Every structure is written in C-alpha cells, then in structure tokens.
Amino acid sequence: MEIVITAWALDSYLELKHKRQFSTEDYGNTIRPDVLLLRVFPHAPKFSNNKFWSPAALEGTSLLGGFKMKWHNLGANRIQLRLSVGMLLEAYLCQAYVKTDPKTEARQMAKFKTRLELIRRGQYTECGRLL
Amino acid sequence: MRAASIAPDIKVEIVEIAHEMNQVGLPKEFIASAVSTAFEFEGVYDLLKMWSQETDSAERDEIIADVQELIEDCSQSDKIEGVYVRFDDLEVIAKNIRSFKDNLRAVVDQNGGIKNLSTLTGIPQPSLSRFFNSATMPRRATLHKIARALKLSQIQIATKWSR
C-alpha cells in the first residue's frame, strides 16, 4: 500500500515542528519507521496493538476507513501524539496532533470525518508519497 | 451526508444553530457558508453541534476556527498535486511562513487590526487569529480576501509557501 501525504498532514507537521513538539530524532527513530509500516499493512505485529493502532471514532461511532496511529509520552515533551490515517485505496496521512483533552479529540475527529469524505470525492491536495 | 438526503430535523437544527451564531455576532458570510457546508458534510454538522453545546468561550473559538478550515477544505473541487517537502526542510519552511505572516500581521494592525479585518473579509476573528499565529501554509484564497479587504498589492501577499 502506498502512503499519501496530504496537504493537511504537511500543515500539521509544520505546526508541530514550529512548536517543537517533537525532535528530528523522534521523527527519524520512531515516527517515520512506524508510519512506513503502512506499506505492509496489515502485516506488521504493531497493527494488532490497539495502544498503537485503533479505529477512529466520534461519539462512539467508528469513522469508515478512519484509523489513528498513536504514540504515548513521545520525546522530551512526553506528548500524546496522534496521526489520523485514511485507509482507502492508499493510506492517506491526514493530520498529526497532540491529544490534550476529550474536546480536542472530538474536534479532530469531526475534521477527520470531513476530510475522509473529501478524499473519497477526490477533493484534496496530495503533497507526495512517503517512500 | 449529501444535501439531498439530509433529514429535515437536522436541517432545522443547523438553521437554529445558524440563528444562534448570528445572535453572537459571527460574520453572516461565515454563517451562510457553515450552513451550506454542514448540509453536505456531516463532520461540519458535528462541529456546529459541538459549538452550540459548548459553554467555554475559548473552546467555542477553536470550533469556529475548525469550521472555517473545513469550509475552505470543502470549497476545493478537484484533486491538486501540491509541493513535496522533505522532513529536514520543515523547520526552515515554518520559519519562512511565520516571518511572512508576522509581516502581514503588522500591515493588518496598521489597518484596524484583526477585528476590522474580520468585518471586512467575513472571516471570523478566531480563524484569523489561528491563521496569524500558526506556521501552516496560508491559502491563496485567504490571502486574496485579505488583500482585497485592505487594498494590498500582489507583492504584499506574495509567498512561495501558500496553497
């Protein structure tokens, strides 16, 4: 499966990098290798670990094709980093964010729900593929 | 959720939330766009419900900024091939974008500030605050709205990192 970088994902990485939420080492040693596992989805043991990979949901209802990759206590800031991923014909990286409270999470899921629909309709911007 | 299949009670609920938004003074252009987008995208309807049920004003502002982001996302009609950016370049690009936005913010402040810009553009103040405080790539449509509102030249809104 190919990994598509959407403009939403790029924007969120820009913001997280600007706020120094994670370091280059965090990205190179943890985030990138984990995201690259999507190439062999679902054939990596980590996808069976629901602390790392789980369906995305809003108000108890799963978002069709929506999943979250999760990192706990990442880096020096010990952040709860989340990456929403649309598993459609390809794996679409949608948005990385720091989970702080349930309200933030609910807003992120509402945005993810809308963006999944936009991807299905072919109304999105692709900023390359993760190789 | 497509406009054609949306349940009448949900449509009414959306209109009622729009009325509430009007009462608190949100720009009419924003409210109209939020309603038409919520009629078509359930995630936007979910955000409008969250806004209506929320009592904390800071959280309400965040929801408004999210809705505005989605209005802009949903206005894109096709797939676009954007620029590829290497991870190692993110920091430099973020600094470049921040510098551009800080300069533009100075011009905005010389012209009545965010509140006045919100009135002129129809973009809610929380969205403009998020725009100027973030390192995300500015949308050309937003830059053009700002330029038209403040009578700026193309040079003043020119940046390599927009989309």
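**View 1. The hairpin of S3(A) and S4(A) in the predicted model.** In this predicted model, strands S3(A) and S4(A) form a hairpin that has 4 residues between them. Look in the turn for Gly75(A), whose phi is positive, about 65°. The two strands run antiparallel and are joined by 7 bridges; S4(A) covers residues 79-87.

View 2. A handy pair to pick out is Pro55(A) with its bridge partner in S3(A), Phe67(A). This hairpin has 2 residues between its strands, and Glu59(A) takes a positive phi near 50°.

**View 3. Chain A as a whole.** Stepping back for a moment, chain A contains 3 helices and 6 strands. Read from the N terminus, the order of its elements is β-α-α-β-β-β-β-α-β. Its C-alpha trace spans about 40 × 35 × 30 Å along the principal axes.

**View 4. The interface of chain A and chain B.** At this interface, 35 residues of chain A are in contact with 44 residues of chain B. Together the two chains bury about 3500 Å², with 55% of that area on carbon and sulfur atoms. Which residues of chain A lose the most area to chain B? They are Leu14(A), Arg107(A) and Arg121(A), which together account for 19% of what the chain A side buries.

**View 5. Polar contacts, and the elements of chain A that touch chain B.** Between chain A and chain B, 24 residue pairs are in polar contact, counting pairs with both residues at pLDDT 80 or more. On the chain A side, helices H1 (7-18), H2 (24-36) and H3 (102-121) and strand S6 (125-129) each supply at least two of the residues that touch chain B. H3(A) gives the most, with 11 residues. By type, the chain A side divides into 14 nonpolar, 7 polar and 14 charged residues.

**View 6. A salt bridge between the chains.** The structure holds 34 salt bridges over all chains. One to zoom in on involves Glu91(B) in helix H5 of chain B, residues 90-110, and Lys17(A) in helix H1 of chain A, so this pair joins two chains. The N to O distance between their side chains is 3.3 Å. Between chain A and chain B the count is 15 salt bridges.

View 7. In which sense do S6(A) and S1(B) pair, parallel or antiparallel? S6(A) and S1(B), which is residues 80-81 of chain B, pair in the parallel sense over 2 bridges. For a landmark, find Glu126(A), which stands opposite Glu81(B) in S1(B).

Key: Residues numbered from 1 in each chain as written. Chains lettered and ligands numbered in written order. Predicted model: local features only at pLDDT ≥ 70, side-chain atom pairs only at ≥ 80, totals over all residues. Heavy atoms only, no water. Contact = heavy atoms within 4.5 Å. Buried area = accessible area lost by both parts, 1.4 Å probe. Salt bridge = Lys/Arg side-chain N within 4 Å of Asp/Glu carboxyl O. Polar contact = N/O pair within 3.5 Å; in protein donor to acceptor, adjacent residues only side chain to side chain. Nonpolar A, V, L, I, M, F, W, Y, C, P; charged D, E, K, R; others polar. Pairing = 2+ DSSP bridges.
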